[in-house]
Amino acid sequence: RDSSWIMNSSRLVALCLVIALAFVRAEDPAGDAAAAGGCTFENILPWTYEAELDFNLDSYNHQQGIFAVTTDCKIPAAEEGALTSTMTCTGSLPSDCDTYSQAFAYSIAAGEKFGAIFLHMDEATAKGHIAYAFFWSIIGTICTWLGLILLLYSEIKAVTVFREQDERDRLVSINILVRNNAKYTELEEADDQNLAPRPYITAIGGIIFFIGMFCTWLPLCDVIGIIFPAFSFATGLLCIAFVFTGAFLLSLTAALFIVGLCWSCTRGWAALVLIVLSLVGNVMLFGGIIGLVIYLALLGASLYAYFVWAPSYYNEKKETKPFWLQSLGKENFYHVDLDAERFKENMEKGAKGMAAESRAIIAGLPLGKQALEATDKAKELAEEQAAKAKAFADEQAEKVKQAAAGEKKAEPQSGTV
């Protein structure tokens with residue numbers, strides 16, 4: 001059973017690190033001229049090890065003949081107060097100390113320090129598949145539920161905001177309520193605060209949901225040939241690619257279905273579009289890479305046509321939109337702004353909105369209003385005392401400054417008469 005995909009990944013990472021490692025490499029000049037064609041090199045590592053680490057790069061290279069190296073590396077245990085370690089490696093051939101070998105050794109040393117559990121996952125799998133599957137299932141379950149909760153929280157909150165807006169507009173249109181521009185502005189600002197973090201929370205929730213799906217499916221790589229004989233060829237990195245594709249497609253369709261269900265009570269036609277696209281994705285689940293590409297093209301075109309192109313078309317024509325053309329929010333409602341200032345502003349708006357919601361919930365509880373009033377009074381008193389303390393400190397500082405200026409004036413001037 002080929003379970004060496006982590007080792008293969010480490011070699012690919014090592015190749016990407018070649019240029020960066022060329023600047024930090026401290027090669028032993030005597031190594032290139034070592035007798036009998038041998039070589040030696042050293043690398044300074046910006047971390048330490050509690051115990052001595054001794055490894056051979058060939059033991060991490062399961063594909064013999066492909067980038068095969070037989071370099072022996074040794075890193076001593078850290079002395080007290082040490083911040084760096086020196087990795088000394090020797091090889092029997094000059095090729096054991098080339099740039100690739102040094103990068104490979106550096107990546108293995110880093111992996112042993114920061115990701116030993118992943119670096120030796122194939123060994124853990126060989127000892128017991130159940131423990132291996134249990135480990136990834138726990139991580140997958142936690143991530144899946146966390147992503148699901150974030151998705152539901154973000155979309156249900158948005159649904160409640162827009163349902164309230166729809167009802168408010170409806171009551172005004174039938175003259176049950178009279179529009180108050182000042183009150184409307186206040187309500188719209190409150191809605192903006194609640195919706196500001198929505199695209200970030202939804203995007204993060206979807207990503208975490210996908211990671212959870214991927215981790216949950218990962219143990220299938222060791223038994224997929226037994227469960228599905230037709231996929232017995234899918235081992236190693238090929239199986240990882242297969243699991244990645246399936247998890248991505250399943251998490252994407254599941255997210256579309258969840259969002260569609262959330263909006264089905266207030267934007268029925270838009271929700272129907274999402275649910276239909278979700279079901280089509282599930283049909284394409286077993287289409288492999290080709291099916292994924294076709295579905296992503298269909299999904300992108302459909303979402304763009306319904307949520308972007310069609311509304312823009314009717315806006316440019318200044319025509320009334322048909323009843324079946326609905327939106328899931330304001331314009332660019334899923335736009336994730338990567339600007340740091342805008343991100344900070346949106347998060348601050350979201351925090352204010354959550355604080356206001358929390359106060360409203362607490363106020364509805366028994367003795368909630370009294371607790372909020374007491375908290376507000378205590379906050380005002382603390383702010384008042386802080387202001388008085390600051391004023392007193394400023395006053396004393398000014399007095400000290402004036403006294404120092406007076407002493408300087410009183411000093412006799414040097415010179416001759």
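# Reading charge, contact and burial in a predicted model

User: Which residues gather in a patch of negative charge on the surface?

Analyst: D169, E186, E188 and E189 gather there, in a patch of negative charge. First, the general idea. Patches are made of residues with over 30% relative accessible area and no salt bridge; like charges are joined within 9 Å, and nonpolar side chains (Val, Leu, Ile, Met, Phe, Trp, Tyr) within 5 Å. Asp and Glu count as negative, Lys and Arg as positive, while His and the chain ends are not counted. The place of a charge is taken as NZ of Lys, CZ of Arg, CG of Asp or CD of Glu.

User: What kind of model is this, and how are residues numbered?

Analyst: This is a predicted model, in which local features need pLDDT of at least 70, side-chain atom pairs count only at pLDDT 80 or more, and totals for chains, interfaces and linings use all residues. Residues are numbered from 1 along each chain as its sequence is written, and side-chain values use heavy atoms, with hydrogens and water left out.

User: Which helix gives the most to the negative patch?

Analyst: Helices (H or I, at least four residues) and strands (E, at least two) are DSSP runs, numbered from the N terminus. Here helix α7, residues 181-195, gives the most to the negative patch, with 3 residues. E188 lies in helix α7.

User: What do the totals for the protein chain look like?

Analyst: The protein chain has 14 helices and 5 strands. Of its 417 residues, 35% count as buried. Accessible areas come from the Shrake-Rupley method with a 1.4 Å probe; for residues, only the protein chains shown count as cover. The accessible surface of the protein chain is about 25,400 Å², and 65% of that belongs to carbon and sulfur atoms.

User: Where is L57, and which residues is L57 in contact with?

Analyst: Contact means heavy atoms within 4.5 Å. L57 sits in the loop between β3 (53-56) and β4 (72-75). L57 is buried, with a relative accessible area of 0%. Leaving aside neighbours within four places in sequence, L57 is in contact with V69, T71, S101, F104, A105 and I108. L57 and C89 are 32 residues apart in sequence, and their C-alpha atoms are 9.8 Å apart in space. Now the whole protein chain: among contacts with a separation of 6 or more, 70% join residues 24 or more positions apart.

User: What is a salt bridge, and how many are there?

Analyst: Side chains of opposite charge can pair when their charged atoms come close. The rule for a salt bridge is a side-chain nitrogen of Lys or Arg within 4 Å of a carboxyl oxygen of Asp or Glu. By this rule the count is 8 salt bridges.

User: Which parts does the salt bridge of D166 and R267 tie together?

Analyst: The side chains of D166 and R267 meet at 2.6 Å, N to O. D166 lies in helix α6 and R267 in the loop between α10 (237-263) and α11 (268-283), so the pair ties together parts that are 101 residues apart in sequence. D166 is partly exposed, at 31% relative accessible area. R267 counts as buried, at 14%.

User: What separates E164 and R168 in helix α6?

Analyst: About one helical turn separates E164 and R168, because they are 4 residues apart in helix α6 (residues 129-173). In their salt bridge the closest N and O atoms are 3.8 Å apart. E164 is partly exposed at 45%, whereas R168 is buried at 11%.

User: Which residues make the nonpolar surface patch?

Analyst: W269, L272, V276, V280, L298, F323 and W324 make a nonpolar patch of about 660 Å². Helix α11 gives the most, with 4 residues. W269 lies in helix α11 and is partly exposed, at 40%.

Methods: Buried means under 20% relative accessible area, exposed over 50%, partly exposed in between (1.4 Å probe, protein chains only).
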